Amino acid sequence: MNYAEARVYLDEMSKYGSVLGLESIKELLGRLGNPQDSLKFIHISGTNGKGSVLAFLSTILSGAGYRTGRYISPTLFSYRERIQVDGEYIERDALARHVTSIAAAAADMDAAGLRVPTAFEIETALAFLYFQEKHCDVVVLETGLGGALDATNIVQTSVLEVITSISMDHIDCLGDTLEKIARQKAGIIKPRTQVASAAQQLEATRVIVQACEDNCCPYRVVDPAQIRNIRYGYESQTFSYKDWQDIEINLAGSYQIQNAALALEAIDALRYIGFRLSDQQVREGMLHTTWRGRFTLLCRDPVVIMDGAHNPEAAQELKQSLELYFKGKKLHYILGMFRDKDIHQVIALTAPLAADIITIQTPNSTRALPAEDLREAVARVNPRVEAMDSIAEAVKTALDRAGRDDVIVIFGSLSFLGEAEQAVLRERSSHEP
């Protein structure tokens with residue numbers, strides 16, 4: 001099949017939804033020659049911050065000369081964005097070629113009476129085939145959902161596991177307590193590997209420490225008390241951590257300091273096992289890391305920020321960042337959410353700060369909450385809210401309302417941020433002289 005046919009096939013396979021468990025991915029990869037077994041992995045789980053930490057680590061590794069694969073989800077602008085080598089998206093012909101092989105293996109599984117692989121399982125197999133073909137030195141791998149039963153956890157050749165901040169999310173499938181969720185997230189830890197973790201709540205810490213002990217793994221954890229000399233800014237930020245002095249990052253958001261400190265803990269772990277990463281390479285990688293969708297500045301006059309705050313912990317971080325950077329500013333929101341998220345807590349944390357709020361329905365997802373339903377939920381906290389039919393209409397209205405000193409915040413589900421950014425850029429260009 002060609003690229004267009006491969007994309008149609010992948011879209012069709014999404015009808016099988018998401019299924020936790022490793023049996024199907026194990027069968028699929030076995031039929032494809034187990035490409036993952038020839039690769040080394042840095043495996044990242046957690047609730048918030050996975051993408052940012054992945055971006056820091058993969059940028060540093062690529063800059064240091066390691067051929068580095070990165071596998072991420074969801075993506076903002078292109079399907080091919082989810083599979084990259086040294087920042088370059090998977091080629092169209094490579095995607096088509098590998099999907100053709102995967103489709104044949106999946107058809108054989110179906111004929112044998114086995115469960116048909118889900119779209120995420122197929123995408124994971126596609127990533128492994130591509131990274132093997134590109135002879136990657138290391139792959140930075142982000143879990144899709146949870147950890148222990150996530151398709152990415154089929155890998156057995158990890159050298160480092162990184163666990164970002166854990167909070168209550170996906171409670172319908174991961175568990176209804178922090179301890180249960182942490183057990184799923186810590187399920188990626190493999191015997192005698194390196195482990196680096198964000199500072200966690202006590203229940204999560206106990207689970208991670210026990211998993212490290214069970215697997216004979218050294219445990220590194222961010223020490224918030226050693227993060228100092230912080231200079232916040234929504235365009236660049238600096239901080240010191242342990243022996244690292246005045247590290248500069250261009251990722252905005254108060255929480256990115258914690259993510260960056262975790263990346264530095266992970267770098268120390270990689271150095272311990274033989275990765276050659278000089279101080280200068282680490283500094284340059286931290287500085288040049290970009291990660292679209294987390295407190296990303298789109299334009300100025302007015303300032304437009306987009307952020308994938310789709311659960312309570314991320315909403316709390318967004319609230320703190322808005323109060324830190326834009327205290328006293330007039331805030332205009334555009335909000336879209338999935339129905340299976342804790343929308344009421346997200347709204348309770350963020351809505352009181354807004355001068356006005358526009359709700360939209362995120363496109364192309366059965367999980368999307370209708371704009372009117374979201375409006376009704378927001379109105380209980382902030383009555384200055386209206387629902388709109390399209391992202392483009394919402395962006396135009398917000399830009400028309402905002403003064404030059406105001407701030408527009410586009411947030412919620414990551415699934416609509418790419419379209420929102422394009423709408424902002426179109427509106428801005430149409431008003432340029």
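Arg-404 counts as exposed, at 62% relative accessibility. In this predicted model, Arg-404 forms a salt bridge with Asp-301, and their closest N and O atoms are 3.5 Å apart. Because Arg-404 lies in the loop between helix 14 (391-401) and strand 17 (407-412) and Asp-301 in the loop between strand 12 (296-299) and strand 13 (303-307), the pair ties together parts that are 103 residues apart in sequence. Asp-301 counts as partly exposed, with 43% relative accessibility.

**Further salt bridges**

- The count of salt bridges comes to 21.
- Arg-401 and Glu-386 meet through their side chains in a salt bridge, at 2.0 Å from N to O.
- This pair links distant parts of the chain, 15 residues apart, with Arg-401 in helix 14 and Glu-386 in strand 16 (residues 385-387).
- Arg-401 is partly exposed at 34% relative accessibility, and Glu-386 is partly exposed at 30%.

**A pair within helix 2**

- Glu-27 forms a salt bridge with Arg-31, with 2.7 Å between the closest N and O atoms.
- Glu-27 and Arg-31 are separated by about one helical turn, because they stand four residues apart in helix 2 (residues 23-31).
- Glu-27 is partly exposed, with a relative accessible area of 30%, and Arg-31 is partly exposed, with 38%.

**Helix 11 and helix 12**

- The axes of helix 11 (residues 312-325) and helix 12 (residues 343-350) come within 9 Å and cross at roughly 10 degrees.
- Helix 11 is therefore roughly parallel to helix 12.
- The residues of this contact divide into five nonpolar, three polar and one charged.
- Among the residues that meet are Pro-312 and Leu-318 in helix 11, and Val-346 and Leu-349 in helix 12.

Terms used. Residues numbered from 1 in each chain as written. Predicted model: local features only at pLDDT ≥ 70, side-chain atom pairs only at ≥ 80, totals over all residues. Heavy atoms only, no water. Axes fitted to C-alpha atoms, helices over the stretch in contact; angles between N-to-C directions. Helix = DSSP H or I, 4+ residues; strand = E, 2+ residues; numbered from the N terminus. Parallel < 35°, antiparallel > 145°, perpendicular 65-115°, else oblique. Contact = heavy atoms within 4.5 Å. Nonpolar A, V, L, I, M, F, W, Y, C, P; charged D, E, K, R; others polar. Salt bridge = Lys/Arg side-chain N within 4 Å of Asp/Glu carboxyl O. Buried < 20%, exposed > 50% of the residue type's maximum accessible area, 1.4 Å probe, protein only.
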